[in-house]
Amino acid sequence: MAAETTLREITKETVRAVTKLDVGPDQHGLVAPNAVSIAEAYFEPKAWFRAVYHGDEPAGFAMVWRDPAEGVFYIWRFMVDARFQGRGVGRRALELLLEEARADGVEAVTLSVVPGPHSALGFYQRFGFEPTGVVHGGETELQLVLD
């Protein structure tokens, strides 16, 4: 049986393993380290963050600016450890995030991505995200309208 990909709360027992996750060397600079993201989340009331697990092993990290009352679901950070890339873990984790967004009743999910070599831009576009024409600090904003 194949290992299942899940989103799990980060605990004092798992935080070190999650902060050790890393993208490939050619992807450094495209996403903030998980330790920085977790620290930022503790100072932002609308931040919702989870570890991505593949079976019982930490495999990634996701953080969302989540405000159902305002209809906002913005994927602020999303990463898959280099060891788990290309195995469907990121795809399934993103599907789980979209399930959360649908449960919130939002109409669209937004994110931004650094364009260029080794960027996740193609991954998101294959998923159906489309550029909005907005650029934030050099990052291209994408949006997926939910059905």
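Phe-78, Phe-123, Tyr-124, Phe-127 and Phe-129 form one aromatic cluster. The model is a predicted one, where local features need pLDDT of at least 70, side-chain atom pairs count only at pLDDT 80 or more, and totals for chains, interfaces and linings use all residues. Residues are numbered from 1 along each chain as its sequence is written, and side-chain values use heavy atoms, leaving out hydrogens and water.

**Aromatic pairs**
- There are 8 aromatic pairs in the structure, counted when ring centres of Phe, Tyr and Trp (its six-membered ring) lie within 6.5 Å; planes under 30 degrees apart are stacked, over 60 edge-to-face and the rest tilted.
- Phe-123 and Tyr-124 make an edge-to-face pair, at 5.2 Å centre to centre with 65 degrees between the planes.
- Tyr-124 also pairs edge-to-face with Phe-129, with centres 5.7 Å apart and planes at 75 degrees.
- Tyr-124 and Phe-129 are both buried (under 20% relative accessible area; exposed is over 50%, partly exposed in between; 1.4 Å probe, protein chains only).
- Phe-123 is partly exposed, at 21% relative accessible area, while Tyr-124 has 6%.

**Charges over rings**
- The charged end of Arg-8 sits over the ring of Tyr-53, 4.2 Å from its centre (NZ of Lys or CZ of Arg within 6 Å of the ring centre and within 35 degrees of the ring normal).
- Arg-66 lies over the face of Trp-48, 4.6 Å from the ring centre.

**Helix α2**
- In helix α2 (residues 34-41), the buried residues are Asn-34, Ser-37, Ile-38 and Ala-41; helices (H or I, at least four residues) and strands (E, at least two) are DSSP runs, numbered from the N terminus.
- These residues cover an arc of only 95 degrees around the axis, so they lie on the same side of α2 (the arc uses directions from the helix axis to the C-beta atoms).
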